[in-house]
Amino acid sequence: MRPLPAFVAARLAAVRADPCGVPLPVFNSLLSAVASADPSHSHLPLHFFRCLLLPRRRPDGFTLSSLASSFLQLVSSRSHAAASLHAFSLRLGLLHADPVLTNSIVLLYLRLSDSVSTALHLFEEMPVRTASTYNALISYSPADADIWPFVRHMVTDGLTPDRFTLSAVLSSCMSEHYGRELHCFAMKAGMCSDIDFHVSSGLVSMYCRVCQPGLARRVFDRMQRRNVVSWTAMVGGYAKNGMFEDAVNAFQSMWLIDAILPNRIALISVLSACNGLMGLTQGNQVHGFAVRMGLYGEMSLNNALIDMYAKGGALRYARRVFDDNTWRKDMISWGSMVLGYGLHGMGAEAVALFDHMHASGVKPDSIIGLGVLSACCRAGLVLKGLEIYNSLVKDHKVQPTEEMSACVVDLLGRSGLIDHALDFIKSMSVEPGPSVWGALLDASVIHSNKEAQDLACKSLLRMEEGSPSNLVLVSNLYANSGRWNIVEQVRAKIKQGTLKKTPGRSWVKPAT
């Protein structure tokens, strides 16, 4: 545990010297200062409360509110602490008399994933609600929760949404219609002024999220002053909408025009744009920029670098970043490297890295399992692929997905073991989907197995969803055999449905 800051230690010494004579506001400020000083001191406010205050005087609402804020940083026993504070506030008669205290306890429950229902129950019991109450509910509700009833309830209670409300609502808005209404409200309320970056940046992010980067750019260009959040929202929005060149240009303008240094999120966003452009040169520049800014050891940034180098074919650079022991790796780090090897047909290297991961004590998940299995498929490592699949399911208790099963079918089918592939499909714990039957169809075409072809074609035609490429292959097979009535049905299904075959393209970066 780190030592307390000097001003906090001095205040603590004064309280300990005369616990009875120190005014209660001074003790309350001590609790707040200790709670915000350092996460390693999160247990101290409760200790001081029990030993110095509780035996001598009655706490007030601000005391308990400060205590609730300190509980947010507790590593363990937060649920028990929240329930105890809730009960203690009720016994003292402070819970419903002090909205600030009630808001603090509501926020504490919301931050506990298993206590959201308790927070909502406490909210319903509140005789007086403030804007802060609704802002806490909107900001910290679960990701899949519908926040619009809270917004309507807030207006019904006679409260006007403020900048914090609007920023929280914009961050979860997935509808262009609602987004435009929020934009209109912000304009009428004067929330898009020069001094407020949050609402305008939220509008930029929202429009990019609903696939309207043009509207996002209009909001962005009307901002008289922009900060790193605004620029990062624009760079990330362009990248997510496939406008990779615009993302790179916005990243460069960020520090060339406004002289704003990018943060970690901006660097990760522009790296995804470099992926889309297959621009290793730009990626190298971003890498160098990150090193100069001292952000190189950050996990999510290094994962983005590995992904960018691996997808661009620069596996030597990807492995160099991965092998650097100055940063801690997570599952995404291992998975990106394994998938990179698999993408470029380096099955032996992918398997070796997977074995190294296992020896390091890292437990694989279905994503890494899919990556190493697809690498085995491309390299033709049939026995090793089957061994890894069995190990994933039996030893590591990984629940097999349809994609993993499709890899096994492809592995067996491409090596000519069509009967084994059929037996595997029959024994699958998940329902065979389009990817499984598509893998069997490809293998049966390669090895001219008419029985497996017919089975795969019939299974694909029964399904409403799937890859258009599979249905095109089915159509071609029936056309070759002269069964034109079925060909017409398949092609009508492709045209009438939502299935659209993505046109293929190749991307070549010319030498300069």
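Predicted model: local features only at pLDDT ≥ 70, side-chain atom pairs only at ≥ 80, totals over all residues.
Local features are reported at a pLDDT of at least 70 and side-chain atom pairs only at pLDDT 80 or more, while totals for chains, interfaces and linings use all residues. Residues are numbered from 1 along each chain as its sequence is written, and side-chain values use heavy atoms, with hydrogens and water left out.

**Overall make-up**

- The protein has 29 helices and zero strands, where helices (H or I, at least four residues) and strands (E, at least two) are DSSP runs numbered from the N terminus.
- Along the principal axes, the C-alpha atoms fill a box of roughly 95 × 55 × 50 Å.
- Of the 512 residues, 46% are buried, a term that stands for under 20% relative accessible area, with exposed meaning over 50% and partly exposed in between (1.4 Å probe, protein chains only).
- Among contacts (heavy atoms within 4.5 Å) with a separation of 6 or more, 59% come from residues 24 or more positions apart.

**Helix 21 and its packing partners**

- Helix 21 (residues 347-359) packs with helix 22 (residues 366-379) at an angle of about 150°, their axes being 8 Å apart; axes are lines fitted to C-alpha atoms, for helices over the stretch in contact, and angles run from 0 to 180 degrees between N-to-C directions.
- Helix 21 and helix 22 are therefore roughly antiparallel, since angles over 145 degrees count as such, under 35 as roughly parallel, 65 to 115 as roughly perpendicular and the rest as oblique.
- The crossing of helix 21 and helix 22 is left-handed, which describes a near helix turned anticlockwise from the far one by less than a right angle, clockwise being right-handed.
- That contact is made by Gly347, Ala350, Val351, Phe354 and Met357 of helix 21 together with Ile368, Val372, Ala375, Cys376 and Ala379 of helix 22.
- By class, the contact of helix 21 with helix 22 has nine nonpolar, one polar and no charged residues, with Ala, Val, Leu, Ile, Met, Phe, Trp, Tyr, Cys and Pro counted as nonpolar, Asp, Glu, Lys and Arg as charged, and the others, Gly among them, as polar.
- Helix 21 also packs with helix 23 (residues 382-395), at an angle of about 30° and with the axes 12 Å apart, so that these two helices are roughly parallel.
- The contact of helix 21 with helix 23 is made by Val351, Phe354 and Asp355 on the one side and Lys384, Ile388 and Leu392 on the other, giving four nonpolar, no polar and two charged residues.

**Methionine 357**

- Methionine 357, placed in helix 21, counts as buried because its relative accessibility is 0%.
- Leaving aside neighbours within four places in sequence, methionine 357 is in contact with Trp334, Val362, Pro364 and Ile368.
- The C-alpha atoms of methionine 357 and glycine 335 are separated by 9.9 Å, although the two residues are 22 residues apart along the chain.

**Helix 14**

- Helix 14 (residues 228-240) has 13 residues and reaches 18 Å from its first C-alpha to its last, close to the 18 Å expected at 1.5 Å a residue, that expected span being 1.5 Å times one less than the number of residues.
- Helix 14 is mostly covered, with 10 of its 13 residues buried, including Trp231, Met234 and Tyr238.
- The cover over these buried residues of helix 14 includes helix 12 (197-209), helix 13 (213-222), helix 15 (244-256) and helix 16 (264-277).
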